[in-house]
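Hi,

Here is the structure I promised to pass on to you.

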Amino acid sequence: HIIAENVAPNNTYLGVILPASPLHHLFAQLFNKPLIVTSGNRADEPLCTTNQQVLENLADIADGFLVHNRDIIHGLDDSVVRCINHKMVSFRRARGYVPLPITLQQPINEMIAMGGQTKNTLAISQGKQLILSQHLGDLSNFSTQQHFQQTLQSFTDFYQITAKKIIHDYHPDYFGSHIATQHTLPRISIQHHHAHILACMAEHHLQPPVLGFAWDGTGLGEDNTAWGGECLLLTADKTVNRVAHSRPFPLIGGDKVAHEPRRAALAVLYEIYGEALFNDKRLQTFLAAFSSSELMLLQQMLVKQLNCPRTSSIGRLFDAVASLLGICDINQFEGQAAMQLEQLAEQSEHHDYYALTLRENQPIIIDWQPIIIALLTDLTHLKACFIAKKFHNTLAEIVLAIALRSQQKIIILSGGCFQNAILTETCINKLETGGFSVYTHEKIPPNDGGLALGQLYSQII
């Protein structure tokens, strides 16, 4: 069948779902044509699980409702998986996979882990098992917070957990951290990117020492800045060393940058050119993404450093490059810019990469400035798809260069950026050719959906 253009606009991938119940089978048979399906909820809210919720919350969205009298006790989203490096990788773990545990070799104390703020999952330990909850969603939303608390209660009741401690993210303002402080149990906080690496170690039953790359949007670092381009060495004596990180740049307007890749592009250009940026005729094309009033406001924010926390995020660097290439200035959905940049790179097959600059500090600083300057030059005479692939290749060369300096044999790739198949496969290829053993996520999501598992594993290794 030919798929309508508006099913997944500007996206070369389609998610295919099988009927999940006898009712779905009957419905699909009766209709006898492809069905386009989505989950029964508004954006950022948990699934509707009662007929009343559906009729009230979705009345202005759906034209009709097919309801039934079977109660839904636990709302489960559809799971999302993708093939990366010839393996199925879970991006969202729910229906069909929950509550399959990760089994350990030795029994451990019963504990509860609260996960992260977005793509949240909870986790518990019991006997030799680490059990991860279904995908719960973004805990910035009140209704998801309620769903989180209900799931926490039903989870601990069902497994009859008598927890000895509670583990949460290092960020004190995450909802899970707030809930943890209300408990009388001993509390432990685990840094976000450390937990990412531990989650991958948990599913592969790895012990330190390992060198882990945790690249994502953002997570609070131990210096209270927004990390996101981290390389951490987990040593045999249980210390965690920040071996390398990406050069920081400002998040103009804080969290707004995640929704507007154009702000990330403006930030990296400002970091390179300073105020001269706003009068540089060569760069006016990029500044055209903003109205004159927007530009004036953002310029003042940058100059005065108002609501411009700094980040080492590789995820936001992906956004910046996507905007500079003119493919996405404002995201219509989470991760749109990075997805489109990856799909653009798929159109080009070559091994070129930009010259690397690794500042030999402690930790090593990945300086992206020469990459961005060279990329701007390439834009005048090369196709955008060639540049996009070149950018991906460069990131993989950076991973290899840092791995070679580390003298560690086991390499972990974790964090939301490694949902990108080109980046992940190119990294694996270069590292394995270089003699490294590389571990990536399969059963457990590389994104924040795996954090709770990593938090638990921190108490085991």
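G416 sits in the loop that runs between β14 (410-414) and α13 (421-433). Please keep in mind that this is a predicted model. With a relative accessibility of 26%, G416 counts as partly exposed, since buried would need a value under 20%. Leaving aside residues up to four places away in sequence, G416 touches W215, D216, P446 and N447. As for I387, its C-alpha lies 22 Å from that of G416, and the two are 29 residues apart in sequence.

W215 leads on to the core. The largest nonpolar core has 74 residues, and those touching the most other members are F213, W215, L266, L413 and L431. Helix α12 (residues 384-406) gives the most to this core, contributing twelve residues.

Next, a pair of helices. Helix α6 (residues 261-273) packs against helix α11 (residues 369-378) at an angle of about 105°, and their axes are 11 Å apart. That angle makes the two helices roughly perpendicular, because the range for this label is 65 to 115 degrees. From α6, the contact uses L269, E271, I272 and Y273, while α11 supplies Q369, I372, I373 and L376. Sorted by class, the residues in this contact are six nonpolar, one polar and one charged.

How many of the residues of helix α9 (residues 314-324) are buried? Eleven of the eleven are, so α9 is largely enclosed by the rest of the structure. The buried set takes in R316 and D319 along with residues such as L317, F318 and V321. At the start of α9, a side-chain oxygen of S313 comes to within 3.2 Å of the backbone nitrogen of G315. Just after the helix, G326 has a positive phi of about 80°.

Beyond residues up to four places away in sequence, H147 touches P46, Q134 and L136.

Methods. Residues numbered from 1 in each chain as written. Predicted model: local features only at pLDDT ≥ 70, side-chain atom pairs only at ≥ 80, totals over all residues. Heavy atoms only, no water. Axes fitted to C-alpha atoms, helices over the stretch in contact; angles between N-to-C directions. Helix = DSSP H or I, 4+ residues; strand = E, 2+ residues; numbered from the N terminus. Parallel < 35°, antiparallel > 145°, perpendicular 65-115°, else oblique. Contact = heavy atoms within 4.5 Å. Nonpolar A, V, L, I, M, F, W, Y, C, P; charged D, E, K, R; others polar. Buried < 20%, exposed > 50% of the residue type's maximum accessible area, 1.4 Å probe, protein only. Polar contact = N/O pair within 3.5 Å; in protein donor to acceptor, adjacent residues only side chain to side chain. Core = buried A, V, L, I, M, F, W, Y, C linked by side-chain atoms within 4.5 Å.
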